[in-house]
Amino acid sequence: MPRIHLRPPWRRADLHHPTDEQIAIDRRAFLAALGLGGAMAGAHIAGCSSSPAAAPPPGAATKPATRGRYPALRNPRFKIDRKLTRREAVLRHINYYEFDSADKPRAVRLAQHLTTSPWTVTVAGLVKKAKMFDIDDLERRFRLEERLYRHRCVETWAMTLPWVGFPLRKLLDWVEPLSGAKFVRFVSFNRPAEAPGMRPGSAYPWPYHEGLRLDEARNDLTLLATGMYGHRLPKQNGAPLRLVVPWKYGYKSIKAIERIELVAEQPPTFWNTVTPREYPFYSNVDPAVPHPRWSQAEEWMIDGHQAERRKTLPYNGYGDLVAGMYM
Ligand SMILES: Nc1nc2c(c(=O)[nH]1)N[C@H]1C(S)=C(S)[C@@H](COP(=O)(O)O)O[C@H]1N2
Ligand SMILES: [Mo]
């Protein structure tokens, strides 16, 4: 087990420090959780807003109770080569087709209507011990850790953020896959009444579903996330439970998971069903393989400028940890 820093993220003075603004927001939320925020809270929010004209996005000012499990200790093994993206930018720049991603501010607003508590997750299929549990059960059973990861959307935007979660492998060990299990299938919620993008007549194959090969699912990088930036996940970023597979394009990192199933055959996936030619099952980040409609050679950070483009890295920079699975 690598050595873990014992100081909370806002006290840490390392290269990958969040912005001052982020520190102020986190500290305020932390004090509020202790009941110490008081009258200062409003002043801090106003002072911290990224641009004076823009109201903070939903989820920016209020955070769910943290029950002592957040912020989680950072696992220092996962290094990043750039600044963390500002939390407010990550809250705003989402993709969530259940809530009509085309208009991002609207999608962020609509996502607030998703009921994320209570929430039951089922793990079933080719396992010895099928389970049903809620998020509290998960957070009690598996020690949460913080990891700084890159995230790369197939649309060429990128960000770098601190997830909170635990390796999916631990959950798989708990349910004990049978020898016939070769793939893992993930399914999101199916609630057209809460998600306008899912309304009858939608051309998409709802609910959102994804899949990994079993060895990919068991890779050390593969996380189940319950939080980010030191708190539980905001609704628009996939609360209460999402997958994080940072060497693959973002759409593999399915949000709001209700069902995890161990299966024998490669499962169909949402985007592959919609447009097979554009969204293959594996979808590992690869600068040399263009999307049929655009190049993947470069990427841009969502809180930088489109002009500041950087070279895309094979496997999004995680080749040393994952390339061996594809030899
Ligand atoms: N259920 C669900 N999960 C999803 C999506 C979605 O539309 N629905 N979009 C995917 C895409 S395309 C990306 S890039 C990431 C975006 O995660 P973020 O909005 O938290 O940045 O979520 C992925 N997971
Ligand atoms: Mo994406």
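Select P207 to start: this residue is in the loop between β6 (183–188) and β7 (209–213), where helices (H or I, at least four residues) and strands (E, at least two) are DSSP runs numbered from the N terminus. The model is predicted, so local features need pLDDT of at least 70 and side-chain atom pairs pLDDT 80 or more, while totals for chains, interfaces and linings use all residues. Residues are numbered from 1 along each chain as its sequence is written, chains are lettered from A and ligands numbered from 1 in the order written, and side-chain values use heavy atoms, without hydrogens and water.

The bond joining W206 and P207 is a cis peptide, with omega about -5°. Next, select A239 and P240, which are also joined by a cis bond, omega near 0°. P240 is in the loop between β9 (231–232) and β10 (242–244). Most peptide bonds are trans, and most residues other than glycine have a negative phi.

Two residues to check for phi are D100 and E176. D100 has phi near 60° and is in the loop between α3 (87–92) and α4 (104–111). E176 also has a positive phi, near 60°, and lies in the loop between α6 (168–175) and β6.

Rings of Phe, Tyr and Trp (its six-membered ring) pair if their centres lie within 6.5 Å; planes under 30 degrees apart are stacked, over 60 edge-to-face, and the rest tilted. The count of aromatic pairs is 22. One of them is Y282 with Y326, edge-to-face at 6.3 Å centre to centre and 80° between the planes. Y282 is in the loop between α8 (270–274) and β12 (298–301), and Y326 is in the segment after α9 (319–322), 44 residues apart.

Of the 18 residues around ligand 1, Y97, E98, M159, R242 and K255 come nearest.

Methods
A residue is near a molecule or strand if one of its heavy atoms lies within 4 Å of it.
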